[in-house]
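Open the model in your viewer and follow the stops below in order. Each stop says what to select and what is found there.

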Amino acid sequence: MGSAGRSGSVLLVLVLLQLQHSAGFWIVNLVFPPNTKNKVPNNSTPPLIIVPGNLGNRLEAKIDKPTLVHWFCYKKTNHWFPVWIDLNMFMPIGVDCWIDNIRLNYNRTTRSSSNSPGVQVRVPGFGETYSIEFLDYNKLAGYFFTMVQHLENVGYVRNETVRGAPYDWRRAPHENGDYFTKLQGLVEEMYEQYQKPVYLLGHSMGGHYVLYFLNHQPQAWKDKYIRGFISLAAPWGGAVKVLRVLTSGENDGIPMFSNIKIREEQRLVTTNPWMLPNENIWPEDHVFISTPTFNYTSRDYRRLFLDIDHEDGWYKYEDTKNLTSALHPPGVEVWCMYGVGLPTPVTQIYNEEFPDVDPVDYIYADGDDTVDSFSMGLCKRWEGQQEQPVHVTEYRGLPHLDIVFHEKVLNQIQEILEGKSDVPNEVDVRLEEKDGLNATETPESLNS
């Protein structure tokens, strides 16, 4: 559907204000992102490229559709319009139009995905930051705005020394080959312009995208062009939440969507199966989904997909499970940062109405409220597997999304970019300066 004008802007404000705080793979939950404090500028700024997480940048579409899912939907547009975030997706009928516009059709024979018939989708703003700073044209749904503003306060320049690398987050890396060609070109361009190697920063699934990219570059290229990799809350062993997304849907507090309705879209992308918990890393007997008739472990994925009537999901999982699951070290200096100390579901319990109802209960483990710390902490394995240093900082009490705009994280990123490689092992974001503890102290007596 097309843009909705002023009334649509008001609708989006009302919707965003109703969103519950949930820092999952749905990133539309940061309304009016905070400004940052002015810092002392640093004129020696090494170039930085930011790779967003799932749902973490805008997508646009142009349509000329042979058929419609509803008479209310537009059949043809002569211009590109926002499909993520699209104001009309928040309307009762508009959500069906939106799903049909953003969907991917999967072909089991070719093992590939394609856009909905008559739909073109493009990623706006590659090499710029606007597409990852705000996910809507009204600048209400903020994502990397606060981080980019912080960097600008200390001497960075938007779209010059700090740049964004948005991508089609519906597709797993094996279907996004052109993106990695462009990313390599962007790295080399910034290196040549500033005569300094480049930092790559990835949040959540964006960390996997960066890892995939680095794993496919010769070491000599990385030694020349890449200064380091800053990883924020990456689910290195997969994300348990994805199982609920694919099984019964997850609207993350958006009141206009039922979980079952949004499940239609969530099952159509190839990135969700890619992010399933890694069967070679998780314990064989760990139950991810418990029902009155069966307990599903990672060894039961095929049965799960059949039982939830989503067999395509199994084929997509087979296509994507080996893309980054081996966790080959990236071959560059790494700063791995993630939140801990928050209850995070690792088992979802359903009643007899499974899979078409929400879970009735959960079993929790430690994490950042979206991804468990076991998965995010797997970057520690790279210590000793590569010559380059691996630094790990756990932020106690920091939710999954908050890591991209929390002041203590931004300050640490700034210090890394300024060449201060050493970082604390733990930072407790619950502590204030008035408590008499420095933000980088890690007292053994602190409780979870």
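Start by selecting Ser-421, which sits in the loop between α14 (407-417) and β16 (426-428); helices (H or I, at least four residues) and strands (E, at least two) are DSSP runs, numbered from the N terminus. This is a predicted model, where local features need pLDDT of at least 70 and side-chain atom pairs count only at pLDDT 80 or more, while totals for chains, interfaces and linings use all residues. Residues are numbered from 1 along each chain as its sequence is written, and side-chain values use heavy atoms, with hydrogens and water left out.

Ser-421 counts as buried at 17% relative accessibility (buried means under 20% relative accessible area, exposed over 50%, partly exposed in between, with a 1.4 Å probe and protein chains only). Show its contacts (heavy atoms within 4.5 Å): leaving out residues up to four places away in sequence, Ser-421 touches Arg-227, Glu-333, Trp-335 and His-391.

Next, select the cysteines. How many disulfides does a search of the whole structure find? There are two, a disulfide being a pair of cysteine sulfur atoms within 2.5 Å.

- Cys-73 and Cys-97: the S to S distance is 2.0 Å. Cys-73 lies in the loop between β2 (59-63) and β3 (81-84) and Cys-97 in helix α2 (residues 94-102), so the bond ties together parts 24 residues apart in sequence. Cys-97 is buried, with a relative accessible area of 1%.
- Cys-336 and Cys-379: the S to S distance is 2.1 Å. Cys-336 lies in strand β12 (residues 334-340) and Cys-379 in the loop between α13 (373-376) and β15 (390-396), so the linked parts are 43 residues apart in sequence. Cys-379 is buried at 0% relative accessibility.
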